Amino acid sequence: KRTQEALPLFRTLIDHTNDAIEVIDPKTGRFLDANVQAYQALGYTREEFLNLTIPDIDPEVDEQARQEMVEETRQFGFLVRESQHRRKDGSVFPVEVNINHVSLDHEYVLAVVRGTTERKRAEEALRTSEERYRALYRDNPSMFFTLDSSGVIISVNIFGASQLGYTVDEVEGMSVFDVIYEADRTAVTHQLQRCVQNPGKINCWQFRKVRKDGSMLWVEEQARAITDANGAINVLLVCQDITDRKQAEEAQKRLLAQIREQAQQVQNIIDTVPEGVILLSKDQFVTLTNPVAREFLAQMAPDWENSRLNQLGSFPLYDILTSPPKGLWHEITSNNLIFEAIARPVENSPHNGGWVLVLRDVTQERDIQQRIQRQDRLAAVGQLAAGIAHDFNNILTVIRLYTQLISRTVDVPRHAQE
């Protein structure tokens, strides 16, 4: 009586399970009983389903395969296999079948069928994701390393190994210090220790690595320590080859040093020039002077350091920046001193970039020129006087000659001759 009372309850429970439960005749493969999930999932009524056999719903099982499964189940007691079930409309879906052999008054095969569509989708999505990340790791044009806390390389991607001239198998198991430039190993040790002591923090550094052939390359590394599933600390490294950038930086430093050296040489030359050299901005502010120019500006424009340079002495700067009416130089007089000035534009662009102004003190030169001019005038007067005296001397000589002739040819008293 209890068994009869429990049967409806048991049937209700079986019909409400998510898995399909099928009772099969091992001799014919016909379904003897099934819960609601078994036939509704395939689109059949109960009566339709109980008239079917295993090959009717499983396209992968023919009569021979069915008999082999029955024999294997009878021998081992159970069998688990993945297959496909076909619905009434012809569509198929993946399933996992758990088959058991049951012996009561007769032999029965009990099959518990679970649809695996969602699981298959999840597995495919996981497989796709793993392949994508595997490709990202394997084929990424950056060097990826995984180290243990002592610096042993656990894994490396193909690009990272090839950049060092090794295969992946050769690199894995090596110490990372075997590929670090010897002079940088102490610094790398210190950085790795800091990284391991601060899990999760991203550390950045630049060091040199050594290839298998002994050549050197600069790398920029980002490192972070993580804890794996076993609680061990590993270090993830992402490396970029910055050799070209380093070489460009070194070339830039050398070029900058050369420019500074040349600029210093130019400055030294300008400082030793006996003329005053002034560099003016296009707004007429003084940006560069040599010592001689500073001395001249103190005479002609005492406030030149605090304002625009508008004039030199009483001479407007605008006039100096234009060509003089005569010659190449403008003449400027200031405090009884005489200067000459010439200006040339700095043409480093389509527009005027400023002016170069050259000043020279010609006071002494002009004084010497005036003295020479006076001496030249005196010499001319002397030559003129000498010429006049010579001419008078010639006249007197003639007069004297004729006088002597007369005195000898004509009787003239002695006192007259004298």
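**Patch, rings and charges**

Visitor: Where is Phe 392 found?

Guide: Phe 392 is found in helix H13, residues 363–409 (helices are DSSP runs of H or I with at least four residues, strands are E runs with at least two, numbered from the N terminus). This is a predicted model, where local features need pLDDT of at least 70 and side-chain atom pairs count only at pLDDT 80 or more, while totals for chains, interfaces and linings use all residues. Residues are numbered from 1 along each chain as its sequence is written, and side-chain values use heavy atoms, with hydrogens and water left out.

Visitor: Is Phe 392 buried or exposed?

Guide: Phe 392 is exposed, at 53% relative accessible area (buried is under 20%, exposed over 50%, partly exposed in between, with a 1.4 Å probe and protein chains only).

Visitor: Which residues make a nonpolar surface patch with Phe 392?

Guide: Leu 384, Ile 388, Ile 395, Leu 396 and Ile 399 make the patch together with Phe 392, about 610 Å² of it. Patch members have over 30% relative accessible area and no salt bridge, and nonpolar side chains are joined within 5 Å.

Visitor: New topic. How many aromatic pairs are there?

Guide: The structure holds three. Trp 205 and Phe 207 form a tilted one, 6.1 Å centre to centre with 45 degrees between the planes (centres within 6.5 Å, using the six-membered ring of Trp; planes under 30 degrees apart are stacked, over 60 edge-to-face, the rest tilted). Trp 205 is buried at 6%, and Phe 207 is buried at 9%.

Visitor: What lies over the face of Trp 329?

Guide: Arg 360, at 4.0 Å from the ring centre. The charged end of Lys 209 sits over the ring of Phe 145, 5.4 Å from its centre. The cut-off is NZ of Lys or CZ of Arg within 6 Å of the ring centre and within 35 degrees of the ring normal.

Visitor: And how many salt bridges does a search of the whole structure find?

Guide: The search finds 23, each a side-chain nitrogen of Lys or Arg within 4 Å of a carboxyl oxygen of Asp or Glu. In one of them, Glu 82 meets Lys 120 at 3.0 Å, N to O. Glu 82 lies in strand E3 (residues 78–86) and Lys 120 in helix H6 (residues 117–139), so the pair ties together parts 38 residues apart in sequence.

Visitor: Which residues are linked with Glu 82 and Lys 120 in a network of salt bridges?

Guide: Glu 96, Arg 119 and Glu 123 are linked with them in that network. Glu 82 is partly exposed at 43%, and Lys 120 is partly exposed at 31%.

Methods
Patches are made of residues with over 30% relative accessible area and no salt bridge: like charges are joined within 9 Å, nonpolar side chains (Val, Leu, Ile, Met, Phe, Trp, Tyr) within 5 Å. Accessible areas come from the Shrake-Rupley method with a 1.4 Å probe; for residues, only the protein chains shown count as cover.
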